Amino acid sequence: MAFAQQHKVVVVDFYATWCGPCVRIGPHVHKRAHEYGIALAKINVDVNTDSSAKYGIQAMPTFHVIDATGASIYKVTGGSEANVDSCFEKAKQHKANH
């Protein structure tokens with residue numbers, strides 16, 4: 001994933017347009033990405049089925065923190081602000097250490 005290589009660490013938001021929790025948490029996800037200065041990739045699971053399968057997405061929203069190689073270093077499922085915040089904290093820690 002060239003985007004991950006460019007940014008070293010990325011929070012990936014796997015979502016669906018029909019998913020109520022995905023829509024509800026979206027603004028918080030964007031706010032945290034901006035506040036933390038962490039790259040954000042949003043992947044629509046209905047459009048990008050290859051990436052959804054690669055990362056084993058079974059429920060939405062699911063958030064992954066991926067490193068420059070595209071490997072998942074942290075994963076959480078569920079549209080709570082606490083889940084989103086934990087992803088950005090893990091991404092921040094990883095970015096600081098690499």
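Which backbone oxygen does the side chain of threonine 62 reach? In this predicted model, it is that of alanine 59, at 2.5 Å. The numbering starts from 1 along each chain as its sequence is written. Because the model is predicted, local features need pLDDT of at least 70 and side-chain atom pairs count only at pLDDT 80 or more, while totals for chains, interfaces and linings use all residues, and side-chain values use heavy atoms, with hydrogens and water left out.

Taking the overall layout to begin with, the protein chain has four helices and four strands, where helices (H or I, at least four residues) and strands (E, at least two) are DSSP runs numbered from the N terminus. Their order along the sequence is α-β-α-β-α-β-β-α. With a radius of gyration of 12 Å, close to the 13 Å that the globule rule gives for 98 residues, the chain is as compact as a globular protein of that length; the radius is taken over C-alpha atoms, and the rule is 2.2 Å times the number of residues to the power 0.38. Along the principal axes, the C-alpha atoms fill a box of roughly 35 × 25 × 15 Å.

Look at contacts (heavy atoms within 4.5 Å) between residues at least 6 apart in sequence, and 67% of them join residues at least 24 apart. The mean positions of the 10 positive and 8 negative charges sit 4 Å apart; Lys and Arg count as positive, Asp and Glu as negative, and His and the chain ends are not counted. Each charge is placed at NZ of Lys, CZ of Arg, CG of Asp or CD of Glu.

Back to threonine 62, which belongs to strand β3 (residues 62-67). At 1% relative accessibility, this threonine counts as buried. Its side chain also makes a polar contact with the side chain of threonine 77, at 3.1 Å. A polar contact here is a pair of N or O atoms within 3.5 Å; within protein, one must be able to donate a hydrogen and the other to accept it, and residues adjacent in sequence count only if both atoms are side-chain atoms. Leaving aside residues up to four places away in sequence, threonine 62 touches Val12, Asp13, Phe14, Ile57, Lys75, Val76 and Thr77. In the loop between α3 (49-54) and β3 sits proline 61, joined to methionine 60 by a cis peptide bond with omega of about -5°.

Another backbone feature turns up at lysine 8, in the loop between α1 (2-7) and β1 (9-15): phi is near 75°, a positive value in a residue other than glycine. Most residues other than glycine have a negative phi, and most peptide bonds are trans. Threonine 69 is 61 residues from lysine 8 in sequence, yet their C-alpha atoms are 8.2 Å apart. Threonine 69 lies in the loop between β3 and β4 (72-77) and, at 64% relative accessibility, counts as exposed. Its side chain makes a polar contact with the side chain of aspartate 67 at 2.6 Å, and a polar atom of that threonine side chain lies 3.4 Å from the backbone nitrogen of alanine 71.

Lysine 8 and aspartate 67 come up again around histidine 94, which touches Lys8, Val9, Asp67 and Ile73, not counting residues up to four places away in sequence. Histidine 94 is part of helix α4 (residues 81-97) and counts as buried at 15% relative accessibility.

Conventions:
Buried means under 20% relative accessible area, exposed over 50%, partly exposed in between (1.4 Å probe, protein chains only).
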